[in-house]
Amino acid sequence: MTSADTKTRVARTPIKTIKVRARDEDFRIVQVHGTLLVCSKAHGNCCCGWTEKGRAPVNTALYSEEWERRKIRNKVHLSFTGCLGPCAVGNNALLQIFGQSIWFKDLNGDQYVPLIYDYIESMLEAGHALPPPENLADHVYARYLPAPSGDTLTIGAAVEEDDDGLERLDPVCLMDVDPATARWTSEYGGRTFYFCSPGCKKSFERNPQEYLEEVGLGEACGIDLKAG
Ligand code: FES
């Protein structure tokens with residue numbers, strides 16, 4: 001397979017859900033390539049972003065805006081967290097992607113936020129982890145001990161393929177919503193969509209095509225988005 005093929009394959013990877021059992025119920029979870037965890041004062045940390053302690057502020061709004069703008073929320077999850085551990089070298093973030101853990105430090109300014117997302121998007125296009133670009137190389141380090149050579153382990157139960165997960169997916173927040181108990185619904189393109197809240201329903205109805213395109217649900221649900 002050529003790199004162009006790989007790029008196309010990842011860009012067109014359809015959204016996929018799996019069944020996960022909890023509290024004696026089946027839930028549908030969207031599978032993603034990774035998660036970006038950003039250490040945040042607003043979420044209970046102790047050092048990163050604390051200007052009172054001489055640290056640079058962390059612009060969580062910019063992380064969220066860039067994440068939304070790039071329409072990658074169905075591929076990489078964004079989460080703000082309490083202390084990630086290495087407070088001394090903050091401001092810190094941890095990216096888990098394609099099975100790799102990539103630690104960032106010294107993210108002392110807004111200019112690093114788009115660089116991190118550029119890096120994430122380049123890996124999503126490549127379909128695998130890549131070394132950091134030059135402009136981030138000094139901000140990346142290996143915090144975790146390497147696994148002993150040849151020592152790989154599959155952790156977690158095998159996932160169960162899911163045939164009707166896309167039917168139940170809130171296209172705004174990607175939450176699993178049970179059609180039997182859904183309180184908020186909307187008709188579009190000849191099918192019913194279910195929402196976890198009135199806020200998601202309202203957002204969807206403002207621009208259904210944009211949401212369906214963003215998460216790749218239009219094609220998956222047999223809706224011709226070009227037809228409107
Ligand atoms: S406060 Fe950010 S790593 Fe500890």
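Colleague: Which residue of strand 7 stands opposite Phe104?

Modeller: Val140 is the one opposite Phe104. This is a predicted model, where local features need pLDDT of at least 70, side-chain atom pairs count only at pLDDT 80 or more, and totals for chains, interfaces and linings use all residues. Residues are numbered from 1 along each chain as its sequence is written.

Colleague: What makes strand 6 and strand 7 a pair?

Modeller: Two strands pair if DSSP finds at least two bridges between them. Strand 6 (residues 100-104) and strand 7 are joined by 2 bridges, so they qualify. They run antiparallel.

Colleague: What do you call a helix or a strand here?

Modeller: Both are DSSP runs, numbered from the N terminus: helices are H or I with at least four residues, strands are E with at least two. On that basis the protein chain has 6 helices and 10 strands.

Colleague: In what order do the 5 strands of the open sheet lie?

Modeller: The order is 4-3-5-6-7, with mixed pairing. Strand 4 (76-81) and strand 7 (140-141) are the edge strands.

Colleague: Why are those called edge strands?

Modeller: Each of them pairs on one side only.

Colleague: What packs on that sheet?

Modeller: Start with helix 2 (residues 60-69). Helix 2 lies across strand 3 (34-39) and strand 4, at about 170 degrees to strand 4. Helix 3 (residues 112-126) packs on the sheet and touches strand 3, strand 4, strand 5 (93-97) and strand 6. Its direction makes about 10 degrees with that of strand 5. Axes are lines fitted to C-alpha atoms, for helices over the stretch in contact, and angles run from 0 to 180 degrees between N-to-C directions.

Colleague: At what angle do helix 2 and helix 3 pack?

Modeller: At about 35 degrees, with the axes 10 Å apart. The crossing is right-handed.

Colleague: What makes a crossing right-handed?

Modeller: The near helix is turned clockwise from the far one; a left-handed crossing has it turned anticlockwise by less than a right angle.

Colleague: Which residues make the contact between helix 2 and helix 3?

Modeller: Leu62, Tyr63 and Glu66 of helix 2 meet Val113, Pro114 and Tyr117 of helix 3. Contact here means C-beta atoms, placed from the backbone, within 7 Å.

Colleague: Why is Leu174 called buried?

Modeller: A residue is buried if 20 or more other C-beta atoms lie within 10 Å of its own, exposed if 12 or fewer, and partly exposed in between; C-beta atoms are placed from the backbone. Leu174 has 20, so it counts as buried. Leu174 lies in the loop between strand 8 and strand 9. Across the 228 residues of the protein chain, 26% count as buried.

Colleague: And why are Thr181 and Phe98 put in other classes?

Modeller: Thr181 has 7 other C-beta atoms within 10 Å, so it is exposed. Phe98 has 15, so it is partly exposed. Thr181 is in the loop between strand 8 (160-161) and strand 9. Phe98 is in the loop between strand 5 and strand 6.

Colleague: What is the phi of Phe98, and that of Leu174?

Modeller: Phe98 has a positive phi of about 45 degrees. Leu174 has a positive phi near 65 degrees. Neither Phe98 nor Leu174 is a glycine. Most residues other than glycine have a negative phi, and most peptide bonds are trans.

Colleague: Which peptide bond is cis, with omega near 10 degrees?

Modeller: The one from Gly90 to Asn91. Asn91 sits in the loop between strand 4 and strand 5.

Colleague: Which residues of helix 4 (residues 198-206) are buried?

Modeller: Cys200, Lys201 and Phe204.

Colleague: How do you know that they share a side of helix 4?

Modeller: They cover an arc of only 100 degrees around the axis, which puts them on the same side. The arc is that of the directions from the helix axis to the C-beta atoms. Pro198, Gly199 and Arg206 are exposed on the other side. The buried residues pack against strand 9 (184-188), strand 10 (191-195) and helix 5 (208-215).

Colleague: What joins strand 1 (residues 17-22) to strand 2 (residues 25-30)?

Modeller: They pair in the antiparallel sense over 6 bridges. Ala22 has Glu25 as its bridge partner. The two strands form a hairpin with 2 residues between them, and Arg23 in the turn has a positive phi of about 50 degrees.

Notes. Contact = placed C-beta atoms within 7 Å.
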